[in-house]
Amino acid sequence: MRSELMEQIEHVPMLPETVKKVEAVFNDPEGGVDDMANAIKNDPIITAYILKTANSPMYGLSRTVTDVAHAISLLGKEAVRTFTIASAANSCMDIDLSPYGMTKETYLARSQLQNALVSRWVSKVDRSMLGHLSLASFLLELGKVVISRYLIESKQSALLSDNLQQGTSIKKSEIAACGSKSEDVTATLFFRWNFDPDLVHLIRFANEPEDASDPETQEMAKFLKVAKEAISLEGTITDATLKNARELIEEYGMNQNLFDEAVDKIRSAA
């Protein structure tokens with residue numbers, strides 16, 4: 001990773017105290033709904049974000065969520081922990097993804113859609129994987145924000161945007177522009193924020209699950225890879241993106257019916 005890009009990562013603020021409190025509750029086997037709600041209640045910005053996100057149609061709740069404890073009861077600790085960290089992470093940097101040809105709105109839509117898809121899908125496969133996959137799916141694209149800021153400040157945005165416009169893959173375009181994939185940047189940022197090393201490794205291998213030496217990481221990374229393929233840069237699910245995702249599912253020997261059920265529920269809620 002280029003030293004200038006590492007400097008950008010070092011300039012990203014640490015996450016607020018609320019995140020530390022939520023992580024402590026989440027990692028405590030005896031931590032309950034009230035404990036997590038109490039960890040959040042004094043942070044109005046994060047509380048508002050959780051309620052707005054939880055009430056998004058793509059999460060399929062039949063009732064309006066009115067408070068954090070209600071959100072935890074209906075969606076689970078994994079989801080509310082993810083929303084808490086996503087709110088803090090996306091608030092600590094200016095989001096300008098113009099080198100990618102993305103707006104802030106499409107970036108946030110893509111992140112949330114990835115999370116909703118992975119959460120619905122994985123909950124039907126193996127709920128024990130949700131702790132890492134919920135958070136990883138929501139913040140997988142965070143490295144793009146750091147790369148964009150680096151390219152904008154160094155006046156090198158065209159190195160990325162020109163390649164993307166010519167049809168070069170995102171991975172190859174990122175490496176040509178800054179020497180690193182966005183997944184590696186996200187993983188490095190998570191390491192700096194002191195997240196679980198297993199989560200850091202999962203994010204790092206999201207683009208190449210087969211390169212992970214640990215079978216559990218490899219299995220979880222496949223879900224992230226499929227979700228990335230299923231959702232366009234514009235934050236939408238299309239016939240073309242689904243075709244790519246289903247080809248990967250077949251290659252990985254995964255259950256396509258459970259994936260299709262999750263996609264159908266999200267599309268019907270849109």
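Author: In this predicted model, the lining of the second largest pocket is made up, by class, of seven nonpolar, five polar and three charged residues. The space in this pocket comes to about 290 Å³. Of its 15 lining residues, those closest to the centre are Tyr 59, Leu 75, Ser 119, Arg 120 and Ser 123. Two or more residues each come from helix 5 (68-75), helix 6 (77-91), helix 7 (104-125) and helix 8. Helix 7 gives the most, with five residues.

Helix 8 also packs on another helix. Helix 8 (residues 130-139) and helix 13 (residues 197-204) have axes 10 Å apart, at an angle of about 50 degrees. The two helices are therefore oblique to each other, and helix 8 passes helix 13 in a right-handed crossing. On the helix 8 side the contact is made by His 132, Leu 133, Leu 135 and Ala 136, and on the helix 13 side by Asp 198, Leu 199, Leu 202 and Ile 203. Six of these contact residues are nonpolar, one is polar and one is charged.

The largest pocket can be set beside this one. About 360 Å³ of space lies in the largest pocket, and 19 residues line it, with Arg 110, Ile 170, Lys 228, Glu 229 and Leu 233 closest to its centre. Its lining divides into four nonpolar, five polar and ten charged residues. Helix 11 (170-178), helix 14 (215-230) and helix 15 (239-252) each supply at least two residues of that lining.

Technical notes:
Residues numbered from 1 in each chain as written. Predicted model: local features only at pLDDT ≥ 70, side-chain atom pairs only at ≥ 80, totals over all residues. Heavy atoms only, no water. Axes fitted to C-alpha atoms, helices over the stretch in contact; angles between N-to-C directions. Helix = DSSP H or I, 4+ residues; strand = E, 2+ residues; numbered from the N terminus. Parallel < 35°, antiparallel > 145°, perpendicular 65-115°, else oblique. Left-handed = near helix turned anticlockwise from the far one by under 90°. Contact = heavy atoms within 4.5 Å. Nonpolar A, V, L, I, M, F, W, Y, C, P; charged D, E, K, R; others polar. 1 Å grid on protein atoms, 1.4 Å probe; cavity = no way out; pocket = protein on both sides within 12 Å on 5 of 7 lines; lining within 4 Å. Points joined across faces, edges and corners; volume = space filled by probe spheres on them.
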